[in-house]
Amino acid sequence: QPSILVVTGKKRFALAELYSSQWRKGDISNFNYLMKLNTLAGRTYNDLSQYPVFPWILADYESEDIDLEDPKSYRDLTK
């Protein structure tokens, strides 16, 4: 169940560190991790100018068909 979370300063940093740790250990999904970071940044579905941000993961935007099983279809996000 979503809830409103208002934090500032050191608590925001501590929560970001906690979420990163949970994500690295596989305790939370990529989607949940990004949603938590977006929430900490003050982004919301209720305001289109503050809509959550997600990274572009596809590398190929020109082909008519994209093979989602081919690793070359995705950007290298290891950097």
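Among the contacts in the protein with a separation of 6 or more, 10% join residues 24 or more positions apart. The model is predicted. The protein has two helices and zero strands, and 14% of its 79 residues count as buried.

**Surface**

- The accessible surface of the protein is about 6,900 Å².
- Carbon and sulfur atoms account for 54% of that surface.

**How the two helices pack**

- Helix H1 covers residues 9-24, and helix H2 covers residues 30-40.
- Two packed helices are described by the angle between their axes and the distance between the axes.
- The axes of H1 and H2 come within 10 Å of each other and cross at roughly 175 degrees.
- An angle over 145 degrees counts as roughly antiparallel, and H1 and H2 are therefore roughly antiparallel to each other.
- On the H1 side, the contact is made by Arg 12, Leu 15, Ala 16, Tyr 19, Ser 20 and Trp 23.
- On the H2 side, the contact is made by Asn 30, Tyr 33, Lys 36, Leu 37 and Leu 40.
- By type, the residues of this contact between H1 and H2 are seven nonpolar, two polar and two charged.

**Helix H2 and what follows**

- The buried residues of H2 are Tyr 33, Met 35, Asn 38 and Leu 40.
- These buried residues of H2 pack against H1.
- Just after H2 comes Gly 42, which has a positive phi of about 90 degrees.

**Asn 38**

- Asn 38 lies in helix H2.
- Why does Asn 38 count as buried? Its relative accessibility is 6%, and buried means under 20%.
- Which residues is Asn 38 in contact with, leaving aside its neighbours within four places in sequence? They are Arg 43, Pro 52, Val 53 and Phe 54.

**Salt bridge**

- Side chains of opposite charge can pair when their charged atoms come close.
- The count for this protein is one salt bridge.
- The salt bridge is formed by the side chains of Lys 25 and Asp 27, with a distance of 3.8 Å from N to O.
- The cut-off for a salt bridge is within 4 Å, so the 3.8 Å between Lys 25 and Asp 27 qualifies.
- Are Lys 25 and Asp 27 buried or exposed? Both residues are exposed.

Notes: Residues are numbered from 1 along each chain as its sequence is written. This is a predicted model: local features need pLDDT of at least 70, side-chain atom pairs count only at pLDDT 80 or more; totals for chains, interfaces and linings use all residues. Side-chain values use heavy atoms; hydrogens and water are left out. Buried means under 20% relative accessible area, exposed over 50%, partly exposed in between (1.4 Å probe, protein chains only). Helices (H or I, at least four residues) and strands (E, at least two) are DSSP runs, numbered from the N terminus. Contact means heavy atoms within 4.5 Å. Accessible areas come from the Shrake-Rupley method with a 1.4 Å probe; for residues, only the protein chains shown count as cover. Axes are lines fitted to C-alpha atoms, for helices over the stretch in contact, and angles run from 0 to 180 degrees between N-to-C directions. Angles under 35 degrees count as roughly parallel, over 145 as roughly antiparallel, 65 to 115 as roughly perpendicular and the rest as oblique. Ala, Val, Leu, Ile, Met, Phe, Trp, Tyr, Cys and Pro count as nonpolar, Asp, Glu, Lys and Arg as charged, and the others, Gly among them, as polar.
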